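Colleague: I'm new to reading models like this one. Could you walk me through a few features?

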Amino acid sequence: MSTLHKIALTFIKSIGPVTAKNLLAYCGSAEQIFSANKKQLLQIPGIGEKTIEAIRGTDALIRARQELDFIEKHGIEVLFFSDERYPKRLKNCIDSPILLYAKGTVDFNQQRIISVVGTRNATVYGKNLCKELCEVLAPYHVLIVSGLAYGIDVTTHKECLANHIPTVGVLGHGLDRMYPKIHKTVAQKMVLNGGLLTEFPILTNPDRPNFPQRNRIIAGIADVTVVVEASIKGGALITAEIANSYNKDVYAFPGRTNDVFQKDVIS
């Protein structure tokens, strides 16, 4: 399939991952989706007039060309859900992204993958747990995934680098920027032993709704999710709940009885 058409499929308004996969199942390829006539598209369940208008327009292909130019210039890999390199664990999740952008050297299908999530307001206790976890896991040839956010996420990535564990940061924005900016140096090191992964194209800002959305990738890409310090309403618990809905194993380190995280649970 044409990389341009694969990317363009993600820019069609009103089409999400489930509908996109349905279109591919009926049409056979991304190119054939764009070349199908109105009568053919109307025969596909869930496809209406507005969606057909978006498919047959030029906006998606124009935007895809801009994206393709960027990724070719910056050595970014496109992982389509039918590709061998696409994360197979994530592929089994019904709402998995149809396309991912990756930078780095990591194998997203290696034997053992663990996601680590937690609060942005990590305590010394939580950071030490991350350190101990990475030290224990280092001999087992694991890949550790997190979200490159403040707190537990970036601590986990740093401890992975210190212990020569490949680590992947799943981003809530495009690969043309880094949020938070202070983590740019860590991200550059991760690309050399691990990588960066996102479903968001360039020009995507790190807006609040993007982070719960990216959490399903963190949950789906791994065999198990480990929670280290998390508020009852925080993003880490969202990730844990998503992982549980995917029938993944979820583990959590016990908190201290006087921690705010424990108080949230008790209340």
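Modeller: Let's start in a loop: Pro 180 sits between strand E5 (167-170) and helix H10 (184-192). Helices (H or I, at least four residues) and strands (E, at least two) are DSSP runs, numbered from the N terminus. A cis peptide bond links Tyr 179 to Pro 180, with omega about -10°.

Colleague: What should I keep in mind about the model itself?

Modeller: This is a predicted model, where local features need pLDDT of at least 70 and side-chain atom pairs count only at pLDDT 80 or more, while totals for chains, interfaces and linings use all residues. Residues are numbered from 1 along each chain as its sequence is written, and side-chain values use heavy atoms, with hydrogens and water left out.

Colleague: And what is the mean pLDDT of the protein?

Modeller: pLDDT is the predictor's confidence in each residue, from 0 to 100. Here the mean is 93, and 97% of the residues reach 70 or more. Over residues 262-267, though, pLDDT stays under 50.

Colleague: Which residues of helix H2 are buried?

Modeller: Buried means under 20% relative accessible area, exposed over 50%, and partly exposed in between (1.4 Å probe, protein chains only). In H2 (residues 17-27), the buried ones are Ala 20, Lys 21, Leu 23, Leu 24 and Cys 27. They span an arc of only 155° around the axis, so they lie on the same side of H2; the arc is taken from the directions from the helix axis to the C-beta atoms. Just after H2, Gly 28 has a positive phi of about 100°.

Colleague: Is His 164 buried or exposed?

Modeller: His 164 counts as exposed, at 66% relative accessibility. His 164 has a positive phi of about 60° although it is not a glycine, and lies in the loop between helix H9 (152-162) and E5.

Colleague: How about helix H11, buried or exposed?

Modeller: H11 (residues 210-220) is mostly covered, with nine of its 11 residues buried. Among them are Phe 211, Arg 214 and Ile 217.

Colleague: Which element gives the most to the lining of the largest pocket?

Modeller: That's H11, with five residues.

Technical notes. Contact = heavy atoms within 4.5 Å.
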